[in-house]
Amino acid sequence: MRFSVPTKGLTLQATLLGGLFALGITASNAAPASCPSPIPLGLTTALTGNLALLGTQARNGVEFAVDEINRNGGIAGKQLALATEDTGASSTDALNAMNRILEAKPLVIFGSMISPHIFAQTEVVTKSETPFLVGATNAKVTAQGSKWLFRTHAHDGQLADLIPTYLVKSLGKTKPGIMAVADDYGLGASKGIQAALSRLGVTPVATTSYAPSDKDMSAQLLEVKDKGADSLILFGRPADVALVLKQMDDLGIKLTVIGNASIVAQTTLNNLSAAEADGAYAIGGMIPQTSTNARIVAWSKQVFEKYKVPADNFTVSYYDTVYLLKDIIEKIGCDKSAIRDALAATKNWQGMLITYTADARGDLVHTLGIYRNKAKTPELVGPINEAEY
């Protein structure tokens with residue numbers, strides 16, 4: 001996978017067109033009778049357990065958009081009815097949650113960003129012939145052969161190439177250590193990062209991991225330091241990433257840190273001091289905190305006021321996904337196959353912060369952000385795109 005790296009300081013321009021945000025397909029020509037009233041939608045996401053901090057971001061993005069659309073007259077004159085099921089933290093629970101959602105025969109289903117849950121659910125959703133829109137980040141999610149599954153968030157295959165490329169070519173670091181959470185999410189990313197570093201002619205000086213439940217990562221951090229690392233590639237989730245950054249500061253370890261978007265997530269920064277957060281880099285989905293656009297600032301404030309959780313890259317992704325669906329239904333109606341075909345044909349659809357274009361696998365996101373924490377405030381260094389986009 002090849003990527004183009006922007007000049008330092010380049011800012012991302014978001015085009016905002018009507019209503020609260022720009023929403024790109026042409027005006028409605030669907031017959032209202034083609035859609036049921038209300039239009040049934042389903043969502044499965046983790047709302048309890050150790051993944052709830054992530055799962056609620058999917059819920060917040062979908063629910064906020066649905067409520068907003070309903071207040072403004074619905075889709076083709078019909079209100080939306082969102083049914084939500086909690087997947088908890090296990091794949092078995094995720095499958096059971098999906099089966100409950102499918103009983104109501106929703107027009108479209110939104111799945112979470114938790115990849116093992118999506119792998120467990122894909123077969124039954126595919127058999128139901130229901131469009132399935134997910135944010136799951138494992139690169140293989142869209143390689144399952146389901147023509148009904150689409151991803152509207154950046155994935156780890158992109159990050160595994162981007163993070164080493166930017167670290168080596170733009171930041172000039174050639175002796176990185178790698179530290180990842182020891183689950184499918186983190187270990188899969190670690191393997192991809194090691195392969196990308198190898199292609200760049202770089203060998204990590206240390207490769208280590210920690211259990212999702214670990215509270216002390218000092219041994220791993222000291223190993224990375226003692227082996228002469230000039231940087232740390234950190235891949236984890238907000239709670240554990242915050243612990244790693246705090247412990248680096250406690251141990252006096254001064255390395256360039258770069259990783260996934262958890263490094264700049266507001267839920268991470270809320271648990272760090274300015275000194276602990278400052279200077280760390282991240283590459284990931286687009287986050288609203290870096291925008292100075294008044295509408296995006298207002299949107300972020302409204303989301304926080306409603307949920308008491310800061311909007312992140314997943315909130316943006318799921319919010320955009322609902323509006324993309326709205327535009328499609330207003331154009332072609334409520335036929336599931338037609339919706340699937342329209343999703344597959346999506347090209348340059350303008351969301352809140354980026355445009356979306358479907359590729360042959362069903363991935364719609366090809367623009368990511370490079371971020372750097374200035375104290376506890378993430379700043380956008382610039383967007384970074386797959387070269388063919």
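**Reading the burial, core and disulfide assignments**

Guide: Ser262 sits in the loop between strand E10 (256-259) and helix H8 (266-269), where helices (H or I, at least four residues) and strands (E, at least two) are DSSP runs, numbered from the N terminus. This is a predicted model, in which local features need pLDDT of at least 70 and side-chain atom pairs count only at pLDDT 80 or more, while totals for chains, interfaces and linings use all residues. Residues are numbered from 1 along each chain as its sequence is written, and side-chain values use heavy atoms, with hydrogens and water left out.

Visitor: Why does Ser262 count as buried?

Guide: The relative accessibility of Ser262 is 9%, and buried means under 20% relative accessible area, with exposed over 50% and partly exposed in between (1.4 Å probe, protein chains only); Ser262 therefore counts as buried. Leaving aside neighbours within four places in sequence, Ser262 is in contact (heavy atoms within 4.5 Å) with Gly236, Arg237, Pro238, Val241 and Thr268.

Visitor: What makes Ser231 count as buried, and what does Ser231 contact?

Guide: Ser231, in strand E9 (residues 231-235), has 0% relative accessibility and therefore counts as buried. With neighbours within four places in sequence left aside, Ser231 contacts Leu167, Lys173, Lys175, Pro176, Gly177, Leu255 and Thr256.

Visitor: Which polar contact joins the side chain of Ser231 to another side chain?

Guide: The side chains of Ser231 and Asp230 are joined at 3.0 Å, to be set against the rule for a polar contact (a pair of N or O atoms within 3.5 Å; within protein, one must be able to donate a hydrogen and the other to accept it, and residues adjacent in sequence count only if both atoms are side-chain atoms).

Visitor: How do you know that Cys35 and Cys334 form a disulfide?

Guide: Their sulfur atoms lie 2.0 Å apart, and a disulfide is a pair of cysteine sulfur atoms within 2.5 Å, a rule by which the count comes to one. The pair links distant parts of the chain, 299 residues apart, with Cys35 in the loop between strand E1 (3-4) and strand E2 (39-45) and Cys334 in the loop between H11 and helix H12 (336-344).

Visitor: Why is this disulfide of Cys35 and Cys334 given a handedness, and which one?

Guide: The torsion about the S-S bond of Cys35 and Cys334 is about 95 degrees, so the disulfide is right-handed. Cys35 is buried at a relative accessible area of 4%, and Cys334 is buried at 12%.

Visitor: What makes up the largest nonpolar core?

Guide: A nonpolar core is a set of buried Ala, Val, Leu, Ile, Met, Phe, Trp, Tyr and Cys residues joined through side-chain atoms within 4.5 Å, and the largest has 102 residues, of which Phe110, Leu232, Leu234, Val244, Met248 and Ile283 touch the most other members. Helix H11 (residues 313-332) gives the most to this core, with 10 residues. Another core, of 11 residues, lies apart from it, and includes Ile118, Val125, Ala136 and Val141.

Visitor: Why is helix H1 described as enclosed or open?

Guide: Of the 20 residues of H1, 15 are buried, so H1 is largely enclosed by the rest of the structure. H1 (residues 52-71) reaches 27 Å from its first C-alpha to its last, close to the 28 Å expected, a span taken as 1.5 Å times one less than its number of residues.
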